Amino acid sequence: MEFFKLVRVFLVAIISIIIYGCSSENQEMTFAFIGDHHYLLTDSIRSDKLILDIAEEMGALGNPPSFTVLSGDFFHGNNKANVSDEADMAFDKFKKGIHMPFFISRGNHDSRIHFERNAFPLFSEELGKKISRSYFSFDKGNCHFIMLDNLEKNPEIADSMLLWLGNDLESARANTRIKHIFAVAHDPLWIVARAGFNNAGFASKASLLLARYKIDAYLCGHTHNKTVTVRKINGQPLTQIMDAAVVEKGRLFMLAPFMKHVSPQPADISRPGILPLEEGHMIFVPESERDYYYGYQEGSTSSYYVFTVSDTAVRADWHVLGKGVVRSFMWKEPGKLTDLITPDKEDGPAVKEADLGNVSEAWLYAAPWIEKDSVKAPVMINGVKAGAIEISRKNMAASPFWNKTELPIDAKALKAITMNNEISIINPSEARFGISHLFLLVKLSDGRFAKTNIASKVLTSFDPSEGEYPSFPARELIESVKTGEPLAKMNLTFDKFY
């Protein structure tokens with residue numbers, strides 16, 4: 001009888017492991033997160049090489065991921081290629097290349113009909129249950145994963161999804177086997193440096209729910225920046241991890257145009273190097289709500305995350321393709337991140353007043369927004385006319401305060417540049433416009449370059465009332481004036497050589 005008791009205990013243990021996964025604190029589960037890929041029929045790097053390179057690196061890890069979650073824009077969709085063929089190609093090549101189960105939240109480039117036709121049968125087979133809508137959840141080991149479709153603009157459908165989300169979070173928290181919760185979606189919950197790239201109405205409601213239930217992290221993409229932020233939502237810290245695998249040719253130098261002066265074009269467009277986001281952008285998460293931050297510029301590198309999860313902790317390793325783990329952090333409590341690996345700082349000598357005695361060239365950079373048409377706004381540096389910024393809707397792209405304008409400074413204003421510079425921008429025609437990410441770059445007579453800090457506020461020529469422009473940064477980050485008045489003056493101080 002004792003023998004049969006032992007056999008029964010053994011069988012129950014085996015069945016529990018099969019059904020529920022091992023819950024031992026020492027048992028680790030590893031999964032990967034990949035942001036926007038944009039499979040493109042007409043781009044051989046995206047369609048034939050990028051994921052294979054990532055998969056090869058993952059396979060060489062000592063503890064390779066057992067599955068992958070993706071934040072959407074899986075295929076490019078809105079191009080001249082046949083979208084149906086492109087979607088079929090994306091799912092087929094990813095499945096053959098990655099060699100592990102994968103789950104995707106739908107992105108804005110992922111045409112719904114072509115995405116769902118490929119995704120639903122695949123996800124249903126992998127999970128052993130029918131998936132028939134673009135938001136769903138599943139368990140792996142001691143983790144609960146929530147895949148959201150936060151692109152939905154229909155209020156009734158969005159409200160239904162939020163109701164489902166609340167119930168799903170409640171159930172997950174009541175399950176004693178679940179130690180960690182991750183949510184995955186395409187749009188960020190909050191903007192970090194690129195305004196207008198989230199569904200603000202849905203995001204604000206979802207943020208409250210995710211923070212209330214203390215999820216471990218929200219994984220997303222869309223802006224193609226690589227950022228990690230912990231933001232206080234109703235006093236509760238919520239972690240947002242944003243990433244992208246895709247690198248578009250010339251994108252880094254288009255969005256950080258000062259780089260074309262200080263850095264040569266990279267030999268390999270898929271690995272141009274990493275540029276800290278704060279070197280060219282104001283960070284739109286208010287410091288009063290920001291518990292943790294790092295970020296890198298869109299277009300600067302292909303990257304992905306590998307997460308290692310135990311009962312008591314999560315470790316996140318940020319891999320840069322071809323460079324290995326560049327950053328690593330962990331947490332035992334959601335929102336309480338501790339750095340494990342960070343890049344060495346490359347701080348050069350401090351800029352001094354004497355260094356600016358002979359400036360040969362200078363440029364002012366700004367990211368504008370205008371309500372309609374265009375305007376040329378005169379610029380003054382320390383009271384001297386320096387040129388005029390052309391602010392035009394055609395140069396704004398899909399979001400405000402993103403595409404950069406480069407203004408070469410008039411020769412007569414070069415001698416006015418000092419360590420501390422008062423920048424004034426005039427509104428010549430009572431236009432409603434705004435400017436962000438404002439900074440100066442100078443070339444010295446010895447060939448060196450020096451750059452100022454980024455302006456600490458978004459400048460607007462009108463007062464954007466609450467809710468009037470939901471795609472704008474938080475109101476506390478905006479310095480506004482009455483229509484027709486000069487914009488508020490900004491002080492830019494040189495703080496770095498390049």
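Analyst: The answers below set computed values from a predicted model against the cut-offs behind each term.

User: Why is His99 called exposed?

Analyst: Exposed means over 50% relative accessible area. His99 has 67% relative accessibility, so His99 counts as exposed. His99 is found in the loop between H3 and S3. The backbone of His99 has a positive phi of about 55°, although His99 is not a glycine.

User: Why does Asp373 count as exposed?

Analyst: The cut-off is again over 50%. Asp373 stands at 58% relative accessibility and therefore counts as exposed. Asp373 is in the loop between strand S15 (359-370) and strand S16 (374-381). Asp373 is not a glycine, yet has a positive phi of about 55°.

User: How do you know what span to expect for helix H3, and what does H3 reach?

Analyst: The expected span is 1.5 Å times one less than the number of residues. Helix H3 (residues 83-98) has 16 residues, and 22 Å is expected. From its first C-alpha to its last, H3 reaches 22 Å, which is close to the expected value.

User: Which residues of H3 are buried, and what covers them?

Analyst: Buried means under 20% relative accessible area. In H3 this label goes to Val83, Glu86, Ala87, Met89, Ala90, Phe91, Phe94, Gly97 and Ile98. The cover over the buried residues of H3 includes strand S1 (29-34), helix H2 (44-59), strand S2 (68-70), strand S3 (102-104) and helix H4 (112-127).

User: What makes S21 a strand with both faces covered?

Analyst: A residue under 20% relative accessible area is buried. Phe449 and Lys451 lie on one side of S21, Ala450 and Thr452 on the other, and all are buried. Both faces of S21 are therefore covered, since buried means under 20% relative accessible area.

User: How do you know that S21 pairs with S20 and with S24?

Analyst: Two strands pair if there are at least two bridges between them. Strand S20 (residues 433-444) and S21 have three bridges, in the antiparallel sense. One partner pair is Leu441 and Lys451, the latter in S21. S21 and S24 also have three bridges and are antiparallel. There, Ala450 has Phe497 of S24 as its bridge partner. Both pairings meet the cut-off of at least two bridges.

User: What makes up the lining of the largest pocket?

Analyst: Lining residues have an atom within 4 Å of a pocket point. There are 40 of them here, and Leu275, Pro276, Glu278, Glu279 and Lys496 lie nearest the centre of the largest pocket. Helix H8 (259-262), strand S10 (290-296), strand S21 (449-452) and strand S24 (490-497) give two or more residues each. S10 gives the most, with five residues. By class, the lining has 20 nonpolar, eight polar and 12 charged residues. The space in the largest pocket is about 1300 Å³.

User: What lines the second largest pocket, and what is its volume?

Analyst: Its volume is about 660 Å³. The second largest pocket has 27 lining residues, with Arg231, Pro470, Phe472, Pro473 and Ala474 nearest its centre. Helix H6 (200-212) and strand S8 (226-233) each supply at least two lining residues. H6 has the largest share, five residues. The classes are 16 nonpolar, six polar and five charged residues.

Terms used. Residues numbered from 1 in each chain as written. Predicted model: local features only at pLDDT ≥ 70, side-chain atom pairs only at ≥ 80, totals over all residues. Heavy atoms only, no water. 1 Å grid on protein atoms, 1.4 Å probe; cavity = no way out; pocket = protein on both sides within 12 Å on 5 of 7 lines; lining within 4 Å. Points joined across faces, edges and corners; volume = space filled by probe spheres on them. Helix = DSSP H or I, 4+ residues; strand = E, 2+ residues; numbered from the N terminus. Nonpolar A, V, L, I, M, F, W, Y, C, P; charged D, E, K, R; others polar. Buried < 20%, exposed > 50% of the residue type's maximum accessible area, 1.4 Å probe, protein only. Contact = heavy atoms within 4.5 Å.
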